[in-house]
Amino acid sequence: MAPPNNEAMIEAMMKALALSAARGIPPANFQFRPQPIVAPNADEFDFNWKQLESALRDIHEKNASGLSFEQLYRYAYKIVLKKAGDRLYENVKQFEERWFTDKVCPRIFDLISRNLVDMTLNDVPGSSVVERRSMGERFLKGIREAWEEHNTSMNMTADILMYLDRGFTQGQNRPTIFAATIGLFRDHILRATIHETNCIVFDIFNATILDQINMEREGDVIDKALLRSCTSMLDSLYRTDEENEDEKLYFEVFEPVFLESSHAFYKNECERLLQEGDAATWLRHTQRRLDEESDRCATTISLTSLPKILAVVEQELISKHLEEFMNLDGSGVRAMIDNDRIEDLKLLYQLVSRIDPKKSALKTALSVRVIELGYEIEKVLAQTDFAVLADEASATNGDKSKNKRNNASAQLTAAAVKWVADVLALKVRFDRLLSDCFADDLTLQTALTKSFAEFINRFDRSAEYLSLYIDHNLKAGVKDKSEAEVELVLEQAITLLRYLEGKDQFETYYQKHLARRLLQQKSSDLEVETEMISRMKRELGNSFTHKFEGMFRDINLSKDMSEAYAKHVRGLGASSHDQIGLAINVLGGNNWPKETVGKYLGSEQTGPGINFPAEIKALQDSFYSFYSKDRTGRKLTWIASAGTAEIRSFFPKVPGEKSGPKSKDRRYELSVPTYGMAILLLFNDLPDGESLSFEEIQERTNIPQTDLINLLTGMSAIKSKRVLWKEPNPSGKTAPGDKFKFNNAFVSPTFKVKLASVNVANQVENDEERKETDERTLESRRHCIEAAVVRIMKQRKELEHQQLVMEVIQQISGQFKPDLSFIKNRITDLIDREYLERFERDGTGRAEYRYLA
């Protein structure tokens, strides 16, 4: 068998290596072991090394075009094969070190001048920006050029000495020849000390890059590609020849200095922005800096530093002085909110979100401002004279005849409507900010909800005002509104209702106002009324609305009953001319508020009640007989104070009048309270010109004096409603001793005339009535808490104090927010009444309660 042709095999191997490299296959994966070559002479190492040394010099001098890499590979292969890989390894390193010492270092060191050191390391002023940039770029370009030449040479050297790595370094567990030689740039250039300045090149190199970066931060144009190539060099070099990934020079030497320098730069910049005192400028500047650093990492240094440098900017420009910028007078959060600076608030939210997922500072600022604006609404309300506003409006329109003060009821309704409208406007405003600026952030939404609830519930009349607002809209406010507008009114009312903690207090007022609307037929749309109650039911449950629904049931049943009674009367054969129409509301006492039913029942049951005219008494008896046929054991109490009457009246012509309305007979339909009907019917049998005194009217009707004064004043003092003539002072308020007669000269431009007492629509609670309402609410809460305690203990039998209190709060939180001491007092009262007993379990020392059956 012929001996193997080693030359042919090496040539085949080189071709395979070239093919593998072209395909992207690492040469180390190529498996080939040529047969040993017999040395042509004894000193083969020196011969081969001289060939390699010459080739290395040509590579450095860029004369490698005539080299045969195949032949050079053979030289290295022969040396390794002769077990002289260690000598070759060291010879290559020594050659490269001499080359650095003789050829590279002097060229680099010549670029390092005293001015460059003073400018970068010592921060000596005096150099212009152009001079600094030019000097720094010359130095960095020299480093880059030396690095690129060395990197290219070492890659070519590694290709020649490929077998050295495969046959020697791998087995000796030593760095590859490329790692050992590429690291010489780190050791002989970057770590070199300049004796004239006693500075390390690395320090000057880093400082120059940082100076270039700071110049760009200050608005100058720099060579980004140059800086990127310099930082890429650091990313390619390692602290040692072991080349551990976490020991790259970029991370170990440059990045810490870069971040430290950035801390100092942005700290000074933030102090300057604080001195300028403009939050809007700070916001935009901070966002610009964040964008610049992101772009710088992408184009100039390394994306691996992006999170770290952004953290530096966030810490120095946002975190450290966030509250100071937010509280700046005239430009802080308060000014942004007050002036609807949408873009500023949006940017503020974005910046705060970067440093704090909870947005604590922004959440606090928004909450404080909401509460402040809520209190401002109350202050404006307290300083507003709604009667004066009405006067000014009339005067502006030039109608002096209508320039009169609103009554107390109208003023209270106006105040309630304004307060609710202002609160809703404030909520709409912050809802818009939440959507447009804060991305509907749930954390901020919760904070805003709590803030609105806080100032709404601190206002002691919020429940009453909300009920009055709904009352105002349901009486007249929805007449000219579209379906969408009505939907908005209802939704806004429910929105405010959610904020109320004292929902039981709102229930009391709403029940009272709903009763007035139903009994006085002032509700503009019953469908809207029922829709309002349905929404409350969905929001708060059946227990909250069951009384309201009961009131509607009473009204609907009464309507059917009135129609049945009318049919019954017609069946008796009475002529329609002689009939008195009756529309009656039979009210169940449990559903209706005491303000509407209870106090009338109390006053009229304890005394004889008012004296109804004979024809009305007959009508009452007739209806009671009809009502009692199918209902045994029922008793009806007539509440005259809550009813109305329609009276057809006749006014004869006035003697001596030749023309005008008074010259002929006049007929009108008078709408009066039931009390007013009893008064007017007294004048039917009174001869013309005769009068009745105040005392006579009171005696014959038995109407309470206060109500009688109000009714007689309404029918005599107001010129357009003067169906009775009062002496001695026709326009003054009624007083005992006044006399009244039928006013035959009364004229009205309309057929229907509404006569009311001067305060029939008065919805204002005086201090005493409000105190009574509060006491009733407090009493209701006592019962509610006691019932909850009994329910819980009846089910649990034994329970600790703290757990019992928590469960009680959980059960009644939908109705009101109880005070802990109030709950404790109710528990104590239940113990005194022997519903519960207190005991301490052995060894625990904690108070517990036991239910007593």
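Does Arg369 count as buried or exposed, and at what relative accessibility? In this predicted model, Arg369 has a relative accessibility of 5% and therefore counts as buried, the cut-off being under 20%. Glu372, at 30% relative accessibility, counts as partly exposed. The pair is part of a network in which salt bridges with shared partners join Asp338, Asp340, Arg369, Glu372, Glu376, Arg429 and Arg432.

The protein comprises 853 residues, of which 45% count as buried. Its secondary structure consists of 33 helices and eleven strands. Among contacts with a separation of 6 or more, 71% are made by residues 24 or more positions apart. The accessible surface amounts to about 44300 Å², and carbon and sulfur atoms contribute 48% of this area.

Across the whole structure, 59 salt bridges were found. One of them joins Arg87 to Asp46, with the closest N and O atoms 3.9 Å apart. This pair links distant parts of the chain, since Arg87 lies in helix 4 (residues 85-111) and Asp46 in helix 2 (residues 44-60), 41 residues apart. Arg87 is partly exposed at 46% relative accessibility, and Asp46 is likewise partly exposed, at 30%. Helix 2 also holds Glu53 and Arg57, which are four residues apart and thus separated by about one helical turn. These two residues form a salt bridge in which the closest N and O atoms are 3.9 Å apart. Glu53 counts as buried at 18% relative accessibility, whereas Arg57 is partly exposed at 34%.

Asp165, located in helix 7 (residues 162-172), presents another case. This residue is buried but has no salt bridge. The nearest side chain of opposite charge belongs to Arg166 and is 9.1 Å away, and a salt bridge requires a separation within 4 Å. When residues up to four places away in sequence are not counted, Asp165 touches Gln170, Thr176 and Ile177.

Three strands in the order 3-4-8 form an open sheet with mixed pairing. Strand 3 (644-651) and strand 8 (752-754) are at the edges and have a single partner strand each, so one side of each lacks a neighbour in the sheet. From one strand to the next, the twist averages 30°. Strand 4 (residues 666-673) runs parallel to strand 8 and is joined to it by three bridges; the bridge partner of Leu670 in strand 8 is Val753.

A further open sheet contains three strands in the order 9-11-10, with antiparallel pairing. Its edges are formed by strand 9 (798-800) and strand 10 (836-840), each of which pairs on one side only. Neighbouring strands are turned against each other by 30° on average, direction ignored. Five bridges connect strand 10 with strand 11 (residues 847-851) in the antiparallel sense, and Arg838 stands opposite Tyr849 in strand 11. Helix 32 (residues 801-812) packs on this sheet, where it touches strand 9 and strand 11, and its direction makes about 95° with that of strand 9. Helix 33 (residues 820-832) lies across strand 10 and strand 11 and runs at about 105° to strand 10.

Conventions:
Residues numbered from 1 in each chain as written. Predicted model: local features only at pLDDT ≥ 70, side-chain atom pairs only at ≥ 80, totals over all residues. Heavy atoms only, no water. Helix = DSSP H or I, 4+ residues; strand = E, 2+ residues; numbered from the N terminus. Buried < 20%, exposed > 50% of the residue type's maximum accessible area, 1.4 Å probe, protein only. Lys, Arg positive; Asp, Glu negative; His and termini not counted. Contact = heavy atoms within 4.5 Å. Pairing = 2+ DSSP bridges. Axes fitted to C-alpha atoms, helices over the stretch in contact; angles between N-to-C directions. Areas by Shrake-Rupley, 256 points an atom, 1.4 Å probe, with all protein chains shown as cover.
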